[in-house]
Amino acid sequence: MDTSSFFTQGYVPPTAFYFEVVFIGNANSKMDSSFQEVSGLKVTIETMEKKEGEDNVFVHHIPKSFKYDDLVLKRCLMKGSELEKWVKDAIEDFKFKPLNISLRLLSSNPEKKDVGTSNPVPLAVWNIEQAYPVSWELGGLSSTKNELAIETLTLKYRKFTKTL
């Protein structure tokens, strides 16, 4: 039974908590990619206003260019990782190495696995091109709370495409 359409009987909407972030292009090793939150995957078409003749009543909006929001990744503070080195090179040493990123929304259904493996099946995949760090932030620290120290990484990127 096809369960890919919202209108199909038995359709189960995908959950937003089971995903993976894969950094592509780091030849040295696989970059750690466990994040508790990903946001900012957004594209907007900017428009230019054009008035019709001398009449101020009619205004046309003409598509001009694409604008992509910053990609924001949040996770527990980790020391000594490849990702930390990549960010440090950019922010402290001003050495930028743009990387491609694959954001994959995975099936939380234990019955849906890739054939021949135990890997979960991707339900949707977004490929983010030429990402590089522009900001790093340590979340608030408080002696009255029992919480993990959270780091926030903000990335600029050229564009993204949905491939699945």
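Me: What does T154 touch, not counting residues up to four places away in sequence?

Reply: T154 touches D70, L71, V72, Y132, P133, V134 and S135, where contact means heavy atoms within 4.5 Å. The model is predicted, so local features need pLDDT of at least 70 and side-chain atom pairs count only at pLDDT 80 or more, while totals for chains, interfaces and linings use all residues. Residues are numbered from 1 along each chain as its sequence is written, and side-chain values use heavy atoms, with hydrogens and water left out.

Me: Why does T154 count as buried?

Reply: Buried means under 20% relative accessible area, exposed over 50%, and partly exposed in between (1.4 Å probe, protein chains only). T154 has 13% relative accessibility, so T154 counts as buried. T154 lies in strand β8; strands (E, at least two residues) and helices (H or I, at least four) are DSSP runs, numbered from the N terminus.

Me: Why is K88 called partly exposed?

Reply: The relative accessible area of K88 is 44%. That value falls between 20% and 50%, so K88 is partly exposed. K88 lies in helix α1, residues 82-91.

Me: Why is the contact of E151 and R75 called a salt bridge?

Reply: A salt bridge is a side-chain nitrogen of Lys or Arg within 4 Å of a carboxyl oxygen of Asp or Glu. For E151 and R75 the N to O distance is 2.7 Å, so the pair qualifies. E151 is in strand β8 and R75 in strand β5, 76 residues apart. Both E151 and R75 are buried.

Me: What makes R104 and E20 a salt bridge, and which parts does the pair tie together?

Reply: The side chains of R104 and E20 meet at 3.2 Å, N to O, which is within 4 Å, so they form a salt bridge. R104 lies in strand β6 and E20 in strand β1, so the pair ties together parts that are 84 residues apart in sequence. R104 is partly exposed at 26% relative accessibility, and E20 is partly exposed at 28%.

Me: How many salt bridges does a search of the whole structure find?

Reply: The search finds five. Among them is K156 with D70, the closest N and O atoms being 2.9 Å apart.
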